[in-house]
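Open your viewer, load the model and keep the selection tool handy. We will take this one stop at a time.

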Amino acid sequence: MTPEARQSQHTLELRAAARHFGRRRFLTTTGAAAALAFSVHLPTAGTAAAAELDAARIADDPFTLGVASGDPGPGSVLLWTRLAPAPFQPDGGLPAQRVVVHWEVAHDERFRRIARRGTALAHPEFHHTVHVEVDHLRPDRVLYYRFRTGRWISPTGRTRTAPAPDGTPGSLTLAAVSCQAYHDGYFTPYAHLAADDVDIVFHLGDYLYEYAVNSVGGARNYTDRTLPAVFNRETVTLEDYRLRYALYRSDPDLRAAHAAHPFVVTWDDHETENNYAGDIPENGVPPEEFLLRRAAAYRAYWENQPLRRPQRPDGPDMRLYRRLHWGRLAQFDVLDTRQYRSNQAYGDGARVPGFESDDPARTITGAQQERWLLDGWRSSRALWNVVPQVVFSQRNFDLTSPSRVSMDAWDGYRASRRRVLQGARAAGIENLMVLTGDVHVGYAFDIKQDFDDPASRTVGTEVVATSIASGKEGAERPANWQTYMSANPHLKFYDGRRGYVTVGLGRRAARADFRTVPYVTRPGAPVTTAASFVVEAGNPGLRPA
């Protein structure tokens, strides 16, 4: 059965499983709170008609988790915040009542020239998060925004709209980030990114990790605070995931980056569970249990990210893949390579590819998303076609042939990769760029028509962003550096330190700058540029800048 066909069964499975909340060992919260995770609509008439909280009664700052914006369009942008005077409490410090929140968008930081203003409701059903889709804005504009409720005013955020659909902007600078395990270190790279002059930030997955965080914050080794015990367990329930987002967003550097730039987000695995594949969990629990967990994780993800209404989950299903444009300079096809994939071949891990992994019926995107991607390329008018997701290029782990490769990346789904590359060629895509994360190192790859033939045609570029914190300090040249560089002639750069990457897209060329920090287990690390590469438009292939 295809991943899409299985989705039609998910709601029925959820409802059947929901009747057994009491018999599920991990569903220890109240039945009402658990059922809320699987609501598929806006608050029902009864809850929407519930009492409204007088915002004047909010005694403490409710904007503790900051503000964010995302998915900019030519005439609109999504604004986000969450009301949480006590973010480490399950209810965030607010009663189960809706709250009126005022918002403003302005052309200047002092809010003297207002572009749009309005009100929104923060529903308890959505954990008092606010998603405002502001439209009727002018294209290609830098804007400022803020929220207000009662006597409290949020921090000011900076965002922007995309250029007009037929616009021909001369340049765009994006940043790509991924993998921010709170327990592995401080989010120092975000402090530097917040100060960078970029137009948009792509988060490529592993925004949070499901693993326990102890009282000292793991490798952060706090001496000035003690984290509550609610974080010292793996996330499985809706309450667990919501609280974990509160912990992550309590980091001031992450909040600063969100306030400074609009984000475009996609997930990988750890937002739910390590290395899950579609509706197949890592650890062999019954499928109805995992679907309950996935529904909780997806619900909390949408609540806590600057995502629009089409991305709101329906039980354990969520349409996250979507397309954005930057005039005729760039088209971004944001993929979801986790929700619809076939199970990893050969039990996952590092394996030599074979009949099982190369089965043409296997997919990493699902058939529907694959068709959507290829159809989008056929109709693209953009100079650069950019695809954010997980590691795409071949990555040989050994000097022997055949070599082991990752069954969790596109190497484990080579038929999918072949179809995608054939589709790009058929669509006449000349400037293909893949942005990826996941692997906690920085890579720069030439995408080859045949990865086993170094002389084959280069058909695109892959830029892999290292982690923000996952993996702790890392090393400039990890132990396997020489092996990887020798086993992969198309690999042009490999650095194992923490950081992020910026990519400038222009009419004539693109430039990637790999930004790294020397440590994350203590705060305050400086940032340097480890390497820079350029790619000429119409002539794929990385060259040192």
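This tour of a predicted model goes from the whole chain to its spaces and then to single residues.

**Stop 1: the whole chain**

Start with a cartoon view of everything. The chain holds 10 helices and 24 strands. Its radius of gyration is 23 Å, close to the 24 Å that the globule rule gives for 545 residues, so the chain is as compact as a globular protein of that length. Turn the model around: the C-alpha trace spans about 70 × 55 × 50 Å along its principal axes.

Under the surface, buried residues make up 60% of the 545 residues.

**Stop 2: the largest pocket**

Next, select Leu-421, Lys-448, Gln-449, Asp-450 and Val-459. Of the 22 residues lining the largest pocket, these are the closest to its centre. The volume of this pocket is about 470 Å³.

Which elements each supply at least two residues of the pocket lining? Colour helix H9 (414-426) and strand S19 (458-464) to see them. H9 gives the largest share, with 7 residues. Colour the lining by class and you will find 9 charged, 7 nonpolar and 6 polar residues.

**Stop 3: the largest cavity**

Rolling a probe the size of a water molecule over the atoms shows where empty space is left. In this model the count comes to 4 cavities of 30 Å³ or more. The largest cavity has a volume of about 70 Å³.

To find it, select Leu-335, Leu-373, Trp-377, Val-387, Gln-389, Phe-392, Trp-410, Val-420, Leu-421, Leu-432 and Val-434, which line this cavity.

Helix H8 (367-378), strand S15 (384-389), H9 and strand S17 (432-436) each bring at least two residues to the cavity lining. What classes of residue make up the lining of the largest cavity? There are 10 nonpolar residues and 1 polar residue, with no charged ones.

**Stop 4**

Select Ile-447, in strand S18 (residues 442-448). Is Ile-447 buried or exposed? Its relative accessibility is 0%, so Ile-447 is buried, the cut-off being under 20%. Show its contacts beyond four places in sequence, and among them you will see Phe-392, Leu-421, Val-434, Val-459 and Thr-461. Draw a distance from the C-alpha atom of Ile-447 to that of Gly-460: the two are 13 residues apart along the chain and separated by 4.8 Å.

Then move to Thr-461, in strand S19. Thr-461 also counts as buried, at 2% relative accessibility. Leaving out residues up to four places away in sequence, Thr-461 touches Leu-432, Met-433, Val-434, Phe-445, Ile-447, Val-535, Gly-541 and Leu-542.

**Stop 5: backbone details**

Most residues other than glycine have a negative phi, and most peptide bonds are trans.

- Ser-401 and Pro-402 are joined by a cis peptide bond, with omega about 5°. Pro-402 is in the loop between S15 and strand S16 (405-406).
- His-127 has a positive phi, near 60°. You will find His-127 in the loop between strand S4 (114-122) and strand S5 (129-134), where it is buried with a relative accessible area of 6%.
- His-440 has a positive phi too, near 65°. This residue is in the loop between S17 and S18 and counts as partly exposed, at 23% relative accessibility.

**Stop 6: Ala-59**

For the last stop, select Ala-59, in the loop between helix H3 (45-48) and strand S1 (67-70). Ala-59 counts as exposed, at 52% relative accessibility. Which residues does Ala-59 touch, not counting those up to four places away in sequence? Show the side chains of Arg-151 and Trp-152 to see them. Finally, draw a line from the C-alpha atom of Ala-59 to that of Pro-316: these residues are 257 apart along the chain, and the separation is 36 Å.

Note on methods. Residues numbered from 1 in each chain as written. Predicted model: local features only at pLDDT ≥ 70, side-chain atom pairs only at ≥ 80, totals over all residues. Heavy atoms only, no water. 1 Å grid on protein atoms, 1.4 Å probe; cavity = no way out; pocket = protein on both sides within 12 Å on 5 of 7 lines; lining within 4 Å. Points joined across faces, edges and corners; volume = space filled by probe spheres on them. Helix = DSSP H or I, 4+ residues; strand = E, 2+ residues; numbered from the N terminus. Nonpolar A, V, L, I, M, F, W, Y, C, P; charged D, E, K, R; others polar. Rg over C-alpha atoms; globule rule 2.2 N^0.38 Å. Buried < 20%, exposed > 50% of the residue type's maximum accessible area, 1.4 Å probe, protein only. Contact = heavy atoms within 4.5 Å.
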